[in-house]
Amino acid sequence: MKLIIADDENLIRASIRSMVQDVESSWHIVGEGANGEELLELVSEHKPNVAIIDIRMPRMNGLEAMRLGKAISPRTKWIILSGFSDFAYVQEALQLGASDYLLKPVNPLDLERALTNTAKHNKEFIQMLNQQFENSLFALCNGLTTLKFEELDSVYVQGWFIGAVCIFDTTKTGKDLSDMTCAFYDDLRERMTSLLVYGMNFAMVSLPDGECAVIGSWDPAKGFDCREQVQQFFDELAGVAEPYRQDGLAITILQTGECRGFDQLNAQLAQLGEWSHMRVVRGIGQRIRYMELEAEARVPESSKISQLFCAIKQHMYFRAYLNYQTAVGELEGLLLAGKRSSNEQTRRAIQLYMEQALGVGETDDAVRSEAEVIRELRKIGESKLREIKPREPVTADLVEQVVQYLEQHYMDDIGIGSIAQQLNVSANYLSMLFNKKTGTPFVKYLTNIRMLKAKELLLNTNLQVKQIAEKVGYYSTRHFTKLFVENCSSYPSDYRKSHA
């Protein structure tokens with residue numbers, strides 16, 4: 001967005017210019033003027049989004065320039081600079097339609113607040129704020145930063161959140177699965193962008209276990225209560241996912257309740273991850289709320305049956321025949337115990353999972369009995385698993401490939417999901433294996449590499465902090481600085497000075 005600065009004192013213009021450049025946003029200073037006439041020429045030429053102007057300027061004061069400038073560029077927002085003795089002029093400026101005013105000497109936080117207030121209806125600016133939100137939320141979810149970096153009145157402390165974990169069940173693998181999941185997330189991203197207004201945020205972040213969470217938030221303190229819009233987005237999630245089932249992909253939405261602050265959201269997202277297997281007995285391809293999963297998880301038998309079905313899916317994927325048959329045998333003991341035989345809803349849910357995730361052919365409208373379920377599973381084991389040579393063990397070699405890839409591509413926009421796609425394994429499995437073999441979660445490992453490279457650049461080059469952030473994979477200087485302080489207990493500029 002275009003911005004003009006007008007003040008007859010060069011030092012004040014330089015100070016404001018520096019502050020604007022430090023504000024993490026899309027502001028672009030297109031001109032500076034030393035008097036009212038120069039200001040009008042700049043307004044006529046650039047039609048800026050915002051003009052920051054001093055009240056007292058030679059040739060034409062700020063009020064008169066603003067009055068004429070509004071006719072030249074009606075959409076320009078005006079921020080007034082004044083001293084304490086000019087308050088009467090400030091009142092007149094506000095009556096003329098000034099968006100805000102700042103007292104000299106200008107405080108950087110006050111300037112950022114004023115710029116935010118003037119631009120809060122600008123779509124580009126709102127999207128920029130949302131990108132900052134997504135960056136910060138990703139770091140918080142993966143333990144890269146903590147709430148100590150956030151203001152007590154920030155959305156992460158006082159705001160409201162709803163989150164959802166999206167689970168994919170299908171027999172598809174490799175590129176086919178990747179293309180479908182990417183298309184689904186592209187659909188969600190498009191919907192998020194279309195709904196964004198000031199005071200509302202959306203994010204898609206990878207969680208430590210490799211799953212992707214979709215998160216919405218609203219902050220009533222900003223004057224806009226966007227609760228209904230965020231709720232509507234999550235109400236429509238299952239509808240967005242429904243068309244993918246026709247192509248063989250069942251998307252289950254596990255949704256949190258309304259959470260006050262990030263800590264409560266993070267706790268519920270982690271719990272959803274632990275309960276995700278419960279979708280087998282609840283029914284895949286739908287939205288399941290936190291309270292519904294919580295109630296189902298209290299039934300030990302339901303939890304064990306769900307875990308065994310998910311284990312059977314995993315053993316089938318890796319063609320571990322003996323483990324597969326052992327899990328089927330254990331499941332047989334539970335299903336044929338008779339405690340669940342009268343629950344037709346559970347049997348229908350299990351049948352749907354078998355058809356969608358295990359590839360068992362569809363039957364008539366009749367629901368399979370427990371004995372038929374076991375018979376089908378054993379049949380799959382004999383026809384699909386025993387005759388196929390087991391895959392090569394996926395152990396340290398796979399992790400080594402990931403480590404080598406990170407060393408070469410740490411500066412790129414990469415995640416566990418994209419790497420898992422290239423290696424033809426699931427993101428969850430790769431995340432678990434990487435953590436087990438290295439002792440460090442994938443995201444933290446990547447961050448550690450980036451911080452080491454940043455230290456090298458700080459000590460061995462004269463690059464600015466912003467340039468270093470970009471070279472190690474961060475396009476937000478503020479976000480990079482937060483991570484650096486958390487990782488190195490020092491600001492980047494202080495680290496450079498102390499090791500000079």
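**Start at two crossing helices**

Welcome! Select helices H21 and H23 to begin: the two run roughly perpendicular to each other, a label used for angles of 65 to 115 degrees, while under 35 counts as roughly parallel, over 145 as roughly antiparallel and the rest as oblique. Helix H21 covers residues 442-460, and its packing angle with H23 is about 95 degrees, with the axes 11 Å apart. (Axes are lines fitted to C-alpha atoms, for helices over the stretch in contact, and the angles run from 0 to 180 degrees between N-to-C directions.)

A word on what you are viewing: this is a predicted model, in which local features need pLDDT of at least 70 and side-chain atom pairs count only at pLDDT 80 or more, while totals for chains, interfaces and linings use all residues. Residues are numbered from 1 along each chain as its sequence is written, and side-chain values use heavy atoms, leaving out hydrogens and water.

H21 contributes Asn-448, Met-451, Ala-454, Lys-455 and Leu-458, and H23 brings Phe-480, Leu-483, Phe-484, Asn-487 and Cys-488. Seven of the residues in this contact are nonpolar, two are polar and one is charged. (Nonpolar covers Ala, Val, Leu, Ile, Met, Phe, Trp, Tyr, Cys and Pro; charged covers Asp, Glu, Lys and Arg; the others, Gly among them, are polar.)

**Next stop: salt bridges**

(A salt bridge puts a side-chain nitrogen of Lys or Arg within 4 Å of a carboxyl oxygen of Asp or Glu.) Glu-150 sits in the loop between helix H6 (123-141) and helix H7 (155-158), 332 residues from Lys-482 in helix H23 (residues 477-488). Both partners are buried, with relative accessible areas of 13% for Glu-150 and 15% for Lys-482. (Buried means under 20%, exposed over 50% and partly exposed in between, with a 1.4 Å probe and protein chains only.)

Jump to Arg-67 and Glu-92, whose side chains meet in a salt bridge at 3.6 Å, N to O. Arg-67 belongs to helix H3 (residues 62-72) and Glu-92 to helix H4 (residues 87-96), so this pair ties together parts 25 residues apart in sequence. Arg-67 is partly exposed at 36% relative accessibility, and Glu-92 is partly exposed at 33%.

Then select Asp-7, Asp-54 and Lys-104, which a network of salt bridges links. In total, the structure holds 22 salt bridges.

**Into the cores**

Show Leu-137, Phe-161, Ile-215, Phe-309, Leu-331, Leu-358 and Leu-377: of the 50 residues in the largest nonpolar core, these touch the most other members. (Such a core is a set of buried Ala, Val, Leu, Ile, Met, Phe, Trp, Tyr and Cys residues joined through side-chain atoms within 4.5 Å.) Helix H14 (residues 300-317) supplies the largest share of this core, six residues. A second, separate core has 37 residues, including Leu-144, Tyr-317, Val-403 and Ile-449.

**Zoom out**

Finally, show the whole chain, which has 24 helices and eleven strands. (These are DSSP runs numbered from the N terminus: helices are H or I with at least four residues, strands E with at least two.) Its C-alpha atoms fill a box of roughly 95 × 50 × 35 Å along the principal axes. Of the chain's 500 residues, 47% count as buried.

Key
Contact means heavy atoms within 4.5 Å.
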